[in-house]
Amino acid sequence: MVVTESRVATVGGLEVRRALPSRGRRTVGAWCFADHYGPAKEAADIGPHPHMGLQTVSWLLTGELLHLDSLGTEQTIKPGQLNLMTAGQGISHAEEATPQYKGLMHGIQLWVAQPGATRDGDAAFEHHGDLPVADGGAGEATVLVGDFAGLSSPARRDTEHVGIDLSLRAGPATLEIDPAYEYALIVFEGSVSVGGAAITPGRLAYFGMGRDELALIGPGRGLLLGGVPFPDELVMWWNFVARSKDEIEAAQRDWSTDSGRFGEVESHLKRVEVGPPPWRASANGGQPPGS
Ligand code: MN
């Protein structure tokens, strides 16, 4: 097991703990990006911005968000519900705070890298209001994506991966996992003990492949990510997941010239603009992924 500390970043005025990618760990299966935010008072408003080559996975513990995208989708998401947006060759979206919600925001924003077979394909959006939940006595497990404990999420998946919200009661829990997957645990609240280490918010515990069981001690709540190691080398910059810098440059040009590739989003928020990537414009400071 390897424990990495998340990096603090700011997205749309909101402080996040970026668990993935980190210096030591770029991916877990196809999971390539994970921002844990809150609990926070700030609204998580993010204006229209583009994506390609990835799926966005939005999951809330508390709060409410309105998702708007260039397919014409308008979907409010609440705790326990999953928003899954597939970018393919291009989509744009915005996330707005809802006027009626006044409480704290707490959630996680994840990306899944798309494989070669679908990354140049069409964009799509799914909302899942009802996900399978297993209760093994030691806690509850909600299956966001993939298969766990004999349950299957209805969410689309283009690679062999899994995402499970674990709500552990006090005491030990043993999870049956797939030896063909690598896994990582991100903790939302409380402290989950694993292999003698206390995993708390702001840390990611990585487990390699070859395990058929994972022993955890609660109480705590977190997200278990897993999957078959992603075979391709990824190039990630700003909101794009690609295989080469050329693809990134083309995407940035298409967004800044509004070529039509990423469509239009109906939002009261301002479109997010970005200059060329740093290897093209050394004068600009460069943008890390997910800003
Ligand atoms: Mn986004």
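Here is a quick briefing on the fold, the cores and a handful of residues in this chain.

This is a predicted model, so local features need pLDDT of at least 70 and side-chain atom pairs count only at pLDDT 80 or more, while totals for chains, interfaces and linings use all residues. Residues are numbered from 1 along each chain as its sequence is written, and side-chain values use heavy atoms, with hydrogens and water left out. The secondary structure comes to one helix and 24 strands; here helices (H or I, at least four residues) and strands (E, at least two) are DSSP runs, numbered from the N terminus.

**Overall build**

- With 291 residues, a compact globule would have a radius of gyration near 19 Å, and the chain agrees with that at 18 Å. The radius is taken over C-alpha atoms, and the globule rule is 2.2 Å times the number of residues to the power 0.38.
- Along the principal axes, the C-alpha atoms fill a box of roughly 55 × 45 × 35 Å.
- Buried residues make up 54% of the 291 residues. Buried means under 20% relative accessible area, exposed over 50%, and partly exposed in between (1.4 Å probe, protein chains only).
- Take the contacts with a separation of 6 or more: 71% of them come from residues 24 or more positions apart. A contact means heavy atoms within 4.5 Å.

**Surface and charge**

- The accessible surface is about 12200 Å², and carbon and sulfur atoms own 49% of it. These areas come from the Shrake-Rupley method with a 1.4 Å probe; for residues, only the protein chains shown count as cover.
- There are 23 positive and 36 negative side chains, with the centres of the two sets 7 Å apart. Lys and Arg count as positive and Asp and Glu as negative, leaving out His and the chain ends; each charge is placed at NZ of Lys, CZ of Arg, CG of Asp or CD of Glu.

**Nonpolar cores**

- The largest nonpolar core has 34 residues, and Trp31, Val57, Ile108, Leu110, Leu225 and Val241 touch the most other members. Strand S11 (residues 105–113) gives the most to this core, with five residues.
- Apart from that core lies another, of 24 residues, including Leu168, Phe207, Leu216 and Leu224.
- As for the term, a nonpolar core is a set of buried Ala, Val, Leu, Ile, Met, Phe, Trp, Tyr and Cys residues joined through side-chain atoms within 4.5 Å.
- Val241 is worth a click: not counting residues up to four places away in sequence, Val241 touches Cys32, Met52, Gly53, Leu54, Trp111, Ala113, Leu234, Val235 and Met236.

- As a reminder, most residues other than glycine have a negative phi, and most peptide bonds are trans.
- The Leu20 to Pro21 peptide bond is cis, with omega near -15°, and Pro21 sits in the loop between S3 and S4.
- Another cis peptide bond joins Gly218 and Pro219, with omega about 15°; Pro219 is in strand S22 (residues 213–227).
- Ala149 has a positive phi, near 50°, and belongs to the loop between strand S15 (147–148) and strand S16 (151–152). Ala149 is exposed, at 52% relative accessible area.
- Asp258 has a positive phi too, about 50°, although it is not a glycine. You'll find Asp258 in the segment after helix H1 (245–256), partly exposed at 37% relative accessible area.

**Residues to look up**

- Thr27 is in the loop between strand S3 (14–20) and strand S4 (31–40), and counts as buried with a relative accessible area of 17%. Leaving out residues up to four places away in sequence, Thr27 touches Leu20, Cys32, Glu182 and Leu234.
- Thr27 and Leu214 are 187 residues apart in sequence, and their C-alpha atoms are 20 Å apart in space.
- Gly290 lies in the segment after H1 and is buried, at 8% relative accessibility. Beyond residues up to four places away in sequence, Gly290 touches Val11, Arg18, Phe33, Trp111, Trp238 and Asn239.
- Gly290 and Trp238 are 52 residues apart along the chain, with 5.3 Å between their C-alpha atoms.
- Ser267 is also in the segment after H1, and its contacts, leaving aside neighbours within four places in sequence, are Pro48, Leu68, Ala94 and Glu96.
- Ser267 and Gly196 are 71 residues apart along the chain, and 47 Å separates their C-alpha atoms.
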